[in-house]
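Colleague: Before we discuss individual contacts, could you bring up the model, so that we can go through it with the cut-offs stated as we go?

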Amino acid sequence: RRIEDALVEIGALKREDLQRALELQITRIVNDAISLDSGEYTIEFLSDFPRELTAVSFDSDKLILAAIGSVDRWSLVERGISSIERVVRQVEGADARVFALDLTEGESQVFGLLGEPLSIATICERSYLPNFVVCRTVWALLIAGMLEDVRGTGDEADDDRREQIATEYELEGEVERYNTVFQNLFGVVFQRIGDYGYDFVDRVV
């Protein structure tokens with residue numbers, strides 16, 4: 001017996017709200033998986049599912065793009081792209097899916113650059129977006145199946161520029177760690193002195 005049927009039966013959920021509840025559950029599962037700090041996961045697109053599962057009409061590509069687009073930690077993006085030397089390009093026929101996905105201006109700009117094979121470092125050089133956003137967008141488009149890896153090809157980016165990009169990413173990681181420590185410290189202070197915590201922060205920061 002499916003749990004959603006039981007929830008409807010006991011009045012915890014209305015039948016007409018079931019679709020939205022399932023969408024929210026799927027969204028949370030995907031967001032939690034993408035936010036994992038360690039371990040591995042895979043996303044598989046299947047056409048056949050066990051009969052006991054409830055079928056939900058859902059745009060998985062939009063879900064993935066939105067989930068990765070909300071990531072604000074470089075450590076996760078770095079793991080997603082593997083390396084700034086990675087060379088990628090548009091998947092054949094992917095341009096026909098752009099309109100259905102309703103990409104943002106930034107996502108469209110990054111995707112448009114990849115009509116030819118480019119390293120992620122080179123994309124960072126050519127895009128007007130911050131390097132962090134470029135890398136996050138490439139990761140999202142790879143997961144959504146809009147981009148693919150290219151082996152043994154790509155432009156030779158300037159070594160100094162690549163080193164600068166890598167340094168920026170390392171700094172991003174340091175800032176991330178500082179923000180985490182500061183957030184935890186503020187939480188402790190706020191628990192002890194309440195709203196006076198804001199005055200405390202103004203004095204010490």
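Colleague: What does Arg79 count as, given its relative accessibility?

Modeller: This is a predicted model in which local features need pLDDT of at least 70 and side-chain atom pairs count only at pLDDT 80 or more, while totals for chains, interfaces and linings use all residues. Residues are numbered from 1 along each chain as its sequence is written, and side-chain values use heavy atoms, with hydrogens and water left out. Arg79 is found in helix H4, where helices (H or I, at least four residues) and strands (E, at least two) are DSSP runs numbered from the N terminus. Buried means under 20% relative accessible area, exposed over 50% and partly exposed in between, with a 1.4 Å probe and protein chains only, so Arg79, at 33% relative accessibility, counts as partly exposed.

Colleague: How many helices and strands does the chain have?

Modeller: Read from the N terminus on, the elements run α-α-α-α-β-α-α-β-α-α-β-α-α. In total, the chain has 10 helices and three strands.

Colleague: Among contacts in the chain between residues at least 6 apart in sequence, what percentage join residues at least 24 apart?

Modeller: Contact here means heavy atoms within 4.5 Å, and the chain in question has 205 residues, of which buried residues make up 32%. Of the contacts between residues at least 6 apart in sequence, the part that joins residues at least 24 apart is 74%.

Colleague: At roughly what angle do the axes of H4 and H8 cross?

Modeller: Axes are lines fitted to C-alpha atoms, for helices over the stretch in contact, and angles run from 0 to 180 degrees between N-to-C directions. The axes of H4 (residues 74-81) and H8 (residues 131-143) come within 9 Å. Angles under 35 degrees count as roughly parallel, over 145 as roughly antiparallel, 65 to 115 as roughly perpendicular and the rest as oblique. H4 is therefore oblique to H8, with a crossing angle of roughly 50°.

Colleague: Which residues in H8 do the residues of H4 meet?

Modeller: The crossing of H4 and H8 is left-handed, a crossing being left-handed if the near helix is turned anticlockwise from the far one by less than a right angle, and right-handed if clockwise. By class, this contact of H4 with H8 has seven nonpolar, one polar and one charged residues, where Ala, Val, Leu, Ile, Met, Phe, Trp, Tyr, Cys and Pro count as nonpolar, Asp, Glu, Lys and Arg as charged, and the others, Gly among them, as polar. On the H4 side the residues are Trp74, Leu76, Val77, Gly80 and Ile81, and in H8 they meet Phe132, Cys135, Arg136 and Trp139.

Colleague: How far apart are the end C-alpha atoms of H8?

Modeller: The expected span of a helix is 1.5 Å times one less than its number of residues, so the 13 residues of H8 should span 18 Å. In agreement with this, the end C-alpha atoms of H8 are apart by 19 Å.

Colleague: How many of the residues of H8 are buried?

Modeller: H8 is mostly covered, and its buried residues include Asn131, Val134, Thr137 and Leu142. Of its 13 residues, the number buried is 11.

Colleague: Which residues in H8 do the residues of H3 meet?

Modeller: H3 (residues 60-69) and H8 pack at an angle of about 155°, with their axes 9 Å apart, which means that H3 is roughly antiparallel to H8. H3 passes H8 in a right-handed crossing. From H3, Ile64, Leu65, Ile68 and Gly69 take part, and in H8 they meet Arg136, Trp139, Ala140, Leu141 and Ile143.

Colleague: What is the phi of Ser82, roughly?

Modeller: Most residues other than glycine have a negative phi. Ser82, in the loop between H4 and strand E1 (87-90), counts as exposed at 56% relative accessibility. Its phi is a positive value in a residue other than glycine, near 75°.
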